[in-house]
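The structure comes before the text.

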Amino acid sequence: MLDIRLIRDNAEQVKQRLAGRSGDFASLVDEVLAIDTQRRAAETERQKLQSDRNRISKEIGMAKKSGQDTSAIEAEVRGIGTRIDEIGREADVADARQRDLLLSIPNLPHEACPVGESAEQNPEVRVWGTKPEFAFEPKDHTHVAGALGMIDFEAGAKISGSAFVVYRGAGARLERALISFLLDLHTTQHGYEEISPPLLVKSECLVGTGQLPKFGDQVYHSAADDLYLIPTAEVPVTNLHRDEIVAHEKLPINYAAYTPCFRREAGSAGLGTRGLIRMHQFDKVELVKITTPETSMAELESLTANAEKVLQLLGLHYRVIELCTGDIGFGSAKTYDIEVWAPGQGTYLEVSSCSNFGDYQARRMNLRYKDENGKNRIPHTLNGSGTALARLFVALVETYQQADGSILIPEALRGHFGAGKIG
RNA sequence: GGUGAGGUGGCUGAGUGGUCGAAAGCACAUCUUUGCUAAAGAUGCGUAGCCUUAUCCGCUACCGAGGGUUCGAAUCCCUCCCUCACCGCCA
């Protein structure tokens, strides 16, 4: 959520920076400005009337004590009460409308965010490793892992429908090994605290991180309980500190969480047709940071480096791209995507999206921190996958497949997996 | 799911209709004094909104949440949520 004062005082600048995004938000800014004027006028009027009522009510109390008749003056205050109700409703409606509008305006892209219209203009930041060479035609992971009995799409479809999968045997074990490899790496080498959160959350959490109200059709919802299945651990983990004032000594806060992620993928083309690449449910280890505004950009670099380390240790070729203003996520101010090479696909797959949200999420969830001078300030929040599992699984299987159909397990993972190869 | 007890400021905890945003204690900050690894005293110390050139002043709201009664609600009434205990059920 943007600061209404920022919009009020720098409307043109705000519009200009939002213009870099895809979509037109200038009219929303105008609308919020208009409602803000209305809201403040009503609020001022209401408070003046309340002040009158408080004063007169006090006089009634004192008059009654001294035995005077107060019926005339009571009637007068009744009139004020009616007026307060009327103007109060007006103020409340305007206030709610203003909040709705603010919640549907995306974050301002950071000055450091490259300007561009779409994904084609995302600059490549760096490349690690090289595309592996094969003495044979590398196969798709569905064939390699399918032949070894590691994944079963038919079983997934039978139980839950399309775009669900059952991992089994070495596949299930590989998935589990990856999860503990990732968590161990981030908690013991990178200084993150491990979190295992609930997978069902209240709507407030989704508003806090920005999925609601705009993207409600992408999350699973249990109407009977009004709870939502998390689309990413970002939601419960960042909201751990919703409505809190955190002491500055605690910053930066670093959390790592493994959770399954649930996404409806409504309207996604090609859902489930490319093996494990786009599923309704997938595992992910998420990294979340809460930092001071001064350090958030440096923390974005370290968070991204922490995620990259995963691919380096597994010996997987990848590239890092920076999202341009036209491609950046709704709440993000600056984002790096890490894309791993999948030889069987002949393409790079996004396995991590590392974003600095600035104060956008923190303001939505009323998260603050007390600085060195005892002043309440709004911290910055960041998150990134470290990394998504299903696609990591794809890259691993496709990169380490052998001519005989077996899969080699990279050195770094052998301790967790308990073997050097599959098949 | 049932029954009972509760939800007050960073914490503990008073407060059952009228100068209560709320006593007191603890914690914290600044200052003073004695002195020295501590003690005593003074002062200050919640959040948000409105007004405003202003983080001054002033005003408003907030005592789990939302409604209601009343001239006036932390205090009375209703609904809901949460915590704790016991029972039931259960991985």
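## Helices H2 and H3

H2 and H3 are roughly antiparallel, because angles over 145 degrees are counted that way. Helix H2 (residues 11–18) packs against H3 at an angle of about 150 degrees, and their axes are 9 Å apart. Such axes are lines fitted to C-alpha atoms, for helices over the stretch in contact, and the angles run from 0 to 180 degrees between N-to-C directions. The crossing of H2 and H3 is right-handed, that is, the near helix is turned clockwise from the far one by less than a right angle. Helices (H or I, at least four residues) and strands (E, at least two) are DSSP runs, numbered from the N terminus.

This is a predicted model in which local features need pLDDT of at least 70 and side-chain atom pairs count only at pLDDT 80 or more, while totals for chains, interfaces and linings use all residues. Residues are numbered from 1 along each chain as its sequence is written, chains are lettered from A and ligands numbered from 1 in the order in which they are written, and side-chain values use heavy atoms, with hydrogens and water left out.

After H3 comes Gly67, with a positive phi near 80 degrees.

Helix H3 (residues 26–65) and helix H4 (residues 71–103) have axes that come within 8 Å and cross at roughly 155 degrees. H3 and H4 are therefore roughly antiparallel to each other. Their crossing is left-handed, with the near helix turned anticlockwise. The contact of H3 with H4 is made up of 16 nonpolar, five polar and 17 charged residues. Here Ala, Val, Leu, Ile, Met, Phe, Trp, Tyr, Cys and Pro count as nonpolar, Asp, Glu, Lys and Arg as charged, and the others, Gly among them, as polar.

## The surface near RNA strand B

Of the atoms of RNA strand B that come within 4 Å of the protein, sugar and phosphate account for 72%. H3 gives the largest share of this surface, 13 residues. By type, the surface divides into two nonpolar, eight polar and 11 charged residues.

Definitions and conventions: Parallel < 35°, antiparallel > 145°, perpendicular 65-115°, else oblique. Near = heavy atom within 4 Å.
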